[in-house]
Amino acid sequence: MRYKILMRVSEAQQAFFAARRPRKDSPHTTDAYRRDLAGITGLLLRELDRSPDDLTVEMLTAQALRNAFGAFADTHAKSSVLRAWSTWNQFLTFCVSDGLLAGNPMGAVARPKAPPLTPKPLRGEETPEQLLAAAADGSRRTRDPWPERDVLVIALGLVAGLRAAEMRALTTRSLVGRQGEMRLHVHGKGSRDRSIPVQPIMEKIIEEYLASCRRRFAQQRFGPSTPLLRDRAGEPIGRGALEYLVKSCYRWAGLHDRVPVGANLHALRHTFATRLAEDGATASEIMALLGHASLATSQNYIEATGREQRAAAASNRTYRALDGIV
């Protein structure tokens with residue numbers, strides 16, 4: 001078989017993204033892929049002393065890639081190296097399938113061991129309730145308090161398990177269904193849509209939030225496709241602003257020490273999943289409600305509750321001796 005080995009890497013990457021278009025990747029996913037490809041490509045250009053127009057697919061050897069990934073690992077976290085490795089593995093697999101390379105060299109490029117997926121829920125049995133109560137009381141001291149929005153954001157994490165991007169993608173018509181049987185339609189990660197049942201109280205929280213929007217932004221029209229969550233200027237809330245909102249809610253509620261390091265908004269989602277598992281939800285039910293791509297990811301929440309480990313530990317015969325002592 002004759003390989004088109006003289007194709008420029010930049011052209012091959014364009015072809016890679018063109019081939020992925022039917023997958024309907026989210027803009028966030030596509031941007032991440034582009035960053036990973038660009039980061040390693042820049043290191044390859046330096047390693048091989050080439051210009052972008054001179055870097056061809058045939059130059060993507062195991063040795064060149066090992067050196068580039070080694071330099072990349074010196075300045076990036078394990079998770080970033082793993083993600084970049086996965087992106088390049090997919091790109092080079094495409095090159096092989098499209099006849100640009102005889103084989104994928106990524107098998108010869110080392111990668112960090114994937115860390116175990118450990119849920120990071122809020123610590124403390126009553127912490128979610130305390131957080132909601134503090135938000136409703138307007139404990140987040142700002143120049144322009146907006147408790148209706150604070151409560152909605154926290155509730156979307158705690159009772160619907162939404163990711164930050166999913167919250168930002170909600171519109172005023174995302175809540176659908178009959179009165180008392182409403183569901184929240186969510187455009188999820190990897191373009192996996194799901195529908196989450198919500199109780200009437202969530203309907204009320206959303207109604208009160210929208211009423212506060214109409215009071216604050218009387219000149220704006222809120223149509224069915226209008227983004228639900230807004231910043232103080234009435235614009236769709238940004239990713240950074242949403243993270244800051246949740247982080248400041250923790251701080252003003254005096255609960256910041258109960259948030260796992262680096263979790264913040266995602267801790268709300270993990271709390272939602274962990275409570276589902278503790279109350280007996282199956283892995284498949286958790287998978288459907290959280291929009292996981294893998295059942296194994298959902299199973300982590302059930303294992304993290306420790307029901308099986310607790311039962312096994314409780315069967316220790318020594319406990320009978322302790323019962324007789326105390």
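The lining of the largest pocket takes at least two residues from each of α2 (27-48), α4 (78-97), α7, α9, α10 and α12 (295-305), where helices (H or I, at least four residues) and strands (E, at least two) are DSSP runs numbered from the N terminus. The model is predicted, so local features need pLDDT of at least 70 and side-chain atom pairs count only at pLDDT 80 or more, while totals for chains, interfaces and linings use all residues. Residues are numbered from 1 along each chain as its sequence is written, and side-chain values use heavy atoms, with hydrogens and water left out.

**Overall architecture**

- The secondary structure of the protein comes to 14 helices and three strands, and along its principal axes the C-alpha trace spans about 70 × 70 × 40 Å.
- The domain assignment, which is automatic or taken from a database, gives domain 1 (9-108) and domain 2 (126-310), and the centres of these two domains, taken over C-alpha atoms, are separated by 35 Å.
- Of the 326 residues in the protein, 40% are buried, with buried meaning under 20% relative accessible area, exposed over 50% and partly exposed in between (1.4 Å probe, protein chains only).

**The largest pocket**

- The largest pocket holds about 2,400 Å³ of space; a pocket is an open set of points on a 1 Å grid over the protein atoms alone where a 1.4 Å probe fits, with protein on both sides within 12 Å along at least five of seven lines, and lining residues have an atom within 4 Å of a point.
- Its volume is the space filled by probe spheres set on the points, which are joined across faces, edges and corners.
- Its lining counts 48 residues, and those that lie nearest the centre of the pocket are H28, R83, R163, K189 and H266.
- Both domains take part in this lining, since domain 1 and domain 2 each contribute at least three residues to the largest pocket.
- Sorted by class, the lining of the largest pocket has 16 nonpolar, 18 polar and 14 charged residues, counting Ala, Val, Leu, Ile, Met, Phe, Trp, Tyr, Cys and Pro as nonpolar, Asp, Glu, Lys and Arg as charged, and the others, Gly among them, as polar.

**The second largest pocket**

- About 240 Å³ of space lies in the second largest pocket, which is lined by 13 residues, with V159, P197, V198, Q199 and M202 closest to its centre.
- Two or more residues of this lining come from each of β3 (193-197), α8 and α10, and the largest share, three residues, is supplied by α8.
- By class, the lining of the second largest pocket is made up of twelve nonpolar residues and one polar residue, with no charged residues.

- Helix α6 (residues 147-158) has twelve residues and should span 16 Å at 1.5 Å a residue, which agrees with the 16 Å between its end C-alpha atoms; the expected span is 1.5 Å times one less than the number of residues.
- Ten of the twelve residues of α6 are buried, so that this helix is mostly covered, and the buried set consists of R149, D150, V151, L152, V153, I154, A155, L156, G157 and L158.
- The cover over the buried residues of α6 includes the helices α5 (127-136), α7 (164-169), α8 (200-216), α9 (239-253) and α10 (265-278), together with the strand β2 (183-187).

- The 20 residues of α4 should span 28 Å at 1.5 Å a residue, and the end C-alpha atoms are 28 Å apart, which agrees.
- Buried residues of α4 include S80, V81, L82, A84, W85, T87, W88, F91, L92, F94 and C95, and the buried residues of this helix pack against α1 (9-20), α2 and α3 (62-74).
- R111, placed in the loop between α4 and α5, touches L82 and W85 when residues up to four places away in sequence are not counted.
- R111 and L92 are 19 residues apart along the chain, and their C-alpha atoms are separated by 16 Å.

**Backbone points to check**

- Most residues other than glycine have a negative phi.
- D49, which is not a glycine, has a positive phi of about 55°; D49 is found in the loop between α2 and α3 and is exposed, with a relative accessible area of 69%.
- N264 is likewise not a glycine and has a positive phi of about 50°, and N264 is found in the loop between α9 and α10.

Methods. Contact = heavy atoms within 4.5 Å.
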